[in-house]
Amino acid sequence: MGLRFETRASDSAWVDTVWTCRSEQVSAMTSVASETWGLVFWRQQGEMFAAATGPETRTGTAPVPEDTSFVGIQFAVGTALRAVPAHSVVDGGIVLPDVTGRRFWLDGGHWELPGADDAEALVARLVRDGVVLRDPLVTEVHRGYRPPVSDRTVERRFRTATGLTRGAVRQITRVRSAAVLLASGASAADVVLRCGYYDEPHLARALRRYVGRTAQQLRDGEGGALALDPASAHDVVDQLDHAVGVGG
């Protein structure tokens, strides 16, 4: 019982992950910091709801409606909503109005509510109509490429596109990867090496600030409901290996 997350990577350059979740006999969860924004759709007592969620810069406790099904789209770093400044939704979000059984309202139009399998189709329509935008420089830098522009330019573009500094995005990306690996059974020593932490105390401080769990709690599955999917560890490993290849 609790939260049952399932997360998959996306083949869309605009999407980081697509996730589903079912809440059962749980009233609160520990939220995990996130470097990306998202769209979340949920059904509670037969009624549909939708929201745009912003990046989160710290861990916290969030209420969870009981017996509710969720579908979420986490967008790639560098993307943003045309009508919503990125900085305005950091550590927050916007409940979307006029949600019916089949459609929701966003940026002046109605859009069909997606399931997990057709999330990319919705994103493609949002991109086509200019509702979702992307800064390719931010995307490339986040993937490890070094563009021929100044660090000041990169920092300014990161803040505009994500609402966060480049350093914050990097730290949150790394600690989320570390948390997933630990929750899937990896040792703290292995995670320190794979994720590039200086030592285990540095990892412990990052986990406390951004995840709200110790390494041992993550490995043992203790501490209550957590907004994290350990089964996505194989995708994390692939991303880390790709980052090493780009950086090397």
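## Helix 6 and its buried face

Helix 6 spans residues 200–210, and Leu203, Ala206, Leu207 and Tyr210 are buried in it. Viewed down the axis of helix 6, the buried residues fall within an arc of 100 degrees, so they line one face of the helix. The arc is that of the directions from the helix axis to the C-beta atoms. An α-helix has 3.6 residues a turn, so residues three or four places apart point the same way. On the face turned away from the buried side, helix 6 carries the exposed residues Arg208 and Arg209. Buried stands for under 20% relative accessible area, exposed for over 50%, and partly exposed for values in between (1.4 Å probe, protein chains only).

The buried residues of helix 6 pack against strand 3 (28–31), helix 4 (166–183), helix 5 (188–195) and helix 7 (215–220). Contact here means heavy atoms within 4.5 Å. Helices (H or I, at least four residues) and strands (E, at least two) are DSSP runs, numbered from the N terminus.

## Basis of the model

This is a predicted model, in which local features need pLDDT of at least 70 and side-chain atom pairs count only at pLDDT 80 or more, while totals for chains, interfaces and linings use all residues. Residues are numbered from 1 along each chain as its sequence is written, and side-chain values use heavy atoms, with hydrogens and water left out.

## Alanine 206

Alanine 206 lies in helix 6 and is buried, with a relative accessible area of 12%. Leaving aside neighbours within four places in sequence, alanine 206 is in contact with Val175, Tyr197 and Val211. Alanine 206 and arginine 174 are 32 residues apart in sequence, and their C-alpha atoms are 9.3 Å apart in space.

## After helix 6

Just after helix 6, glycine 212 takes a positive phi of about 75 degrees. Threonine 214 lies in the loop between helix 6 and helix 7. With 41% relative accessibility, threonine 214 counts as partly exposed. From C-alpha to C-alpha, threonine 214 and methionine 29 are 16 Å apart in space, and the two are 185 residues apart in sequence.

Glycine 224 is in the loop between helix 7 and helix 8 (233–247). Its relative accessibility is 54%, so glycine 224 counts as exposed. Glycine 224 and glycine 2 are 222 residues apart in sequence, yet 8.2 Å apart in space, C-alpha to C-alpha.

## Loops between strands

Glutamine 25 has a positive phi of about 55 degrees although it is not a glycine. This residue, glutamine 25, is placed in the loop between strand 2 (15–24) and strand 3. At 62% relative accessibility, glutamine 25 counts as exposed. Aspartate 107 is not a glycine either, and has a positive phi of about 50 degrees. Aspartate 107 lies in the loop between strand 10 (103–106) and strand 11 (109–112). With a relative accessibility of 27%, aspartate 107 counts as partly exposed.

Valine 84 is found in the loop between strand 8 (79–81) and strand 9 (93–95). At 17% relative accessibility, valine 84 counts as buried. Leaving aside neighbours within four places in sequence, valine 84 is in contact with Val89 and Ile94. Valine 84 and aspartate 107 are 23 residues apart in sequence and 8.8 Å apart in space, C-alpha to C-alpha.

## The whole protein

The protein has eight helices and 12 strands. Its radius of gyration is 18 Å, close to the 18 Å that the globule rule gives for 248 residues, so the protein is as compact as a globular protein of that length. The radius is taken over C-alpha atoms, and the globule rule is 2.2 Å times the number of residues to the power 0.38. Taken along the principal axes, the C-alpha atoms fill a box of roughly 50 × 50 × 30 Å. Of the 248 residues in the protein, 44% are buried. Among contacts with a separation of 6 or more, 67% are between residues 24 or more positions apart.

The protein exposes about 12700 Å², and carbon and sulfur atoms supply 50% of that area. Accessible areas come from the Shrake-Rupley method with a 1.4 Å probe; for residues, only the protein chains shown count as cover. There are 27 positive and 30 negative side chains, and the centres of the two sets lie 6 Å apart. Lys and Arg count as positive and Asp and Glu as negative, with His and the chain ends not counted. The place of a charge is taken as NZ of Lys, CZ of Arg, CG of Asp or CD of Glu.
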